[in-house]
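My notes follow in the order I made them.

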Amino acid sequence: MTNDKRGGQNRPRGQSVGRRNTYRQRSLKSGRQGDGQTVNQNVPQQDGEALRERKNRQGREQNAKKNAARRKRGKILTCVLLILILITVGVCLSMTVLFRISQIRTEGESRYSSEQIIEASGISEGVNMFSIKSEDVKKRICSQLPFVGSAAVKRVLPSSIVISVTPETVEYTIKCGEEYAAVSKDFKVLEMTEGAAEQTVVGLETAEVKAGETLGIADEAKQSLVSLKTAMDAVGIGEVTVIDMTDQNNIKLLYKSRYVLDLGNTDLLEYKLKFCIKVAETEQNQGVIDVRYVTDTNKKGFYSSKNINGEITLP
């Protein structure tokens, strides 16, 4: 028996040992459970460390990609800047040192000499060919040399300029006061003369006339004259020496020096001209062929055998 101090009673010795053994077994069980719980808690801790490592690795990879892209952009920017610098240097050299003109030549048919064309162009040797404005050169040539219809400037590397010209032809000779203006189809004044031509236009009011410039007449008069010329070319009428435009609603022609053709306005001009040609083939005496009143519904004209003096304005 043992003395139990807490209770003041004596217990059998075996009972105390049994209780201690029971307590020891429980402790062992608790220890095993504790060890198992400790193992189970380490598993999520290891998973967390692996996740952090994976995130760190991904972050390093992303940073590496960003750095590579940044380096690539830097290289591209550097290349662009170098190219711009090279272009700038090239332009500066081409405008100052390179491509200086050492030869100027002309080509094309013209009544003007090569020296006259080059002088009118304003181009001189030693000038940089790319500093020349082609449009300004064309205008100078066509203005100073009226019988040049068009001009073109061609650069031939490294140092040559070729000026190509085409001739302008006289379409009308128009009486302007006491003089006569030789005019192109675009009404550019080519030259002023003192005598009438084989075919002369009279009766038009003109402004101040200067060779190389556009003839100053009313737009309505220009259109009437163009319509008449187009119709004359279409029917092939020749031997018209005078075109009287004094009254644009009653245009008159002197045909074969003995017929006055009263055409009226510009309506049905081709038909009117063909009618006059047929009448002139059958009538030998001088006279007036009147087709002023021809319309789509009235295709009749009249011929009057008479002296034609005073029937048309002459140069």
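This is a predicted model: local features need pLDDT of at least 70, side-chain atom pairs count only at pLDDT 80 or more; totals for chains, interfaces and linings use all residues.

**Entry 1: helix 4 and helix 5**

With that cut-off in hand, I looked up the meeting of helix 4 and helix 5. From helix 4 I wrote down Ser227, Leu228, Ala231, Met232, Ala234 and Val235, and from helix 5 their partners Leu269, Glu270, Leu273, Lys274 and Ile277. Sorted by class, this contact has eight nonpolar, one polar and two charged residues.

Next I wanted the geometry. Two packed helices are described by the angle between their axes and the distance between the axes. Helix 4 covers residues 219–235 and helix 5 covers residues 269–282; their axes come within 9 Å and cross at roughly 50°. Helix 4 and helix 5 are therefore oblique to each other. I noted the crossing of helix 4 past helix 5 as right-handed.

**Entry 2: the whole chain**

I stepped back for an overview. The protein chain has five helices and 14 strands. It holds 315 residues, and buried ones make up 30% of them. I also checked contacts between residues at least 6 apart in sequence: 49% of these join residues at least 24 apart.

**Entry 3: the cores**

Which residues of the largest nonpolar core touch the most other members? I found Ile174, Leu225, Ile237, Ile243, Leu253, Leu261 and Leu263, out of 36 residues in that core. Several elements each supply at least two residues of this core, including strand 6 (172–176), strand 10 (240–244), strand 12 (259–264) and both helix 4 and helix 5.

Leaving out residues up to four places away in sequence, Leu263 touches Leu228, Asn250, Ile251, Leu253, Leu269, Lys272, Leu273, Cys276, Val291 and Arg292. Two of those names, Leu228 and Leu269, were already on my page from the contact of helix 4 with helix 5.

Apart from this core lies another core, of 20 residues, with Ile117, Ala120, Met129 and Ile132 among them.

**Entry 4: helix 2 and helix 3**

Ile117 and Ala120 took me to helix 2, where they join Ser121 in the contact with Val137, Arg140, Ile141 and Gln144 of helix 3. These residues divide into four nonpolar, two polar and one charged. The two helices pack at an angle of about 125°, with their axes 8 Å apart. That makes helix 2 oblique to helix 3. Helix 2 passes helix 3 in a right-handed crossing.

Phe130 sits in the loop between helix 2 (114–121) and helix 3 (134–144). Phe130 counts as partly exposed, because its relative accessibility is 40%. I also noted that Phe130 and Phe99 are 31 residues apart in sequence, and 7.6 Å apart C-alpha to C-alpha.

**Entry 5: two buried residues**

Is Leu145 buried or exposed? Leu145 counts as buried, at 8% relative accessibility, although it is placed in the loop between helix 3 and strand 4. Leaving out residues up to four places away in sequence, Leu145 touches Tyr112, Gln116, Ile117, Ala120 and Lys188. For Leu145 and Ala120 I noted 25 residues of separation in sequence and 7.5 Å in space, C-alpha to C-alpha.

Thr173 lies in strand 6 and counts as buried at 8% relative accessibility. Neighbours within four places in sequence aside, Thr173 is in contact with Tyr180, Ala181, Ala197, Gln199, Thr200 and Val201.

I ended with the backbone angles. The peptide bond from Leu157 to Pro158 is cis, with omega near 10°. Pro158 lies in the loop between strand 4 (148–156) and strand 5 (160–167).

Glu239 is not a glycine, yet its phi is positive, near 60°. I found Glu239 in the loop between helix 4 and strand 10, where it counts as exposed at 54% relative accessibility.

Ser257, another residue other than glycine, has a positive phi near 65°. Its loop runs between strand 11 and strand 12, and Ser257 is exposed, with a relative accessible area of 52%.

Key:
Residues are numbered from 1 along each chain as its sequence is written. Side-chain values use heavy atoms; hydrogens and water are left out. Axes are lines fitted to C-alpha atoms, for helices over the stretch in contact, and angles run from 0 to 180 degrees between N-to-C directions. Helices (H or I, at least four residues) and strands (E, at least two) are DSSP runs, numbered from the N terminus. Angles under 35 degrees count as roughly parallel, over 145 as roughly antiparallel, 65 to 115 as roughly perpendicular and the rest as oblique. A crossing is left-handed if the near helix is turned anticlockwise from the far one by less than a right angle, and right-handed if clockwise. Contact means heavy atoms within 4.5 Å. Ala, Val, Leu, Ile, Met, Phe, Trp, Tyr, Cys and Pro count as nonpolar, Asp, Glu, Lys and Arg as charged, and the others, Gly among them, as polar. A nonpolar core is a set of buried Ala, Val, Leu, Ile, Met, Phe, Trp, Tyr and Cys residues joined through side-chain atoms within 4.5 Å. Buried means under 20% relative accessible area, exposed over 50%, partly exposed in between (1.4 Å probe, protein chains only).
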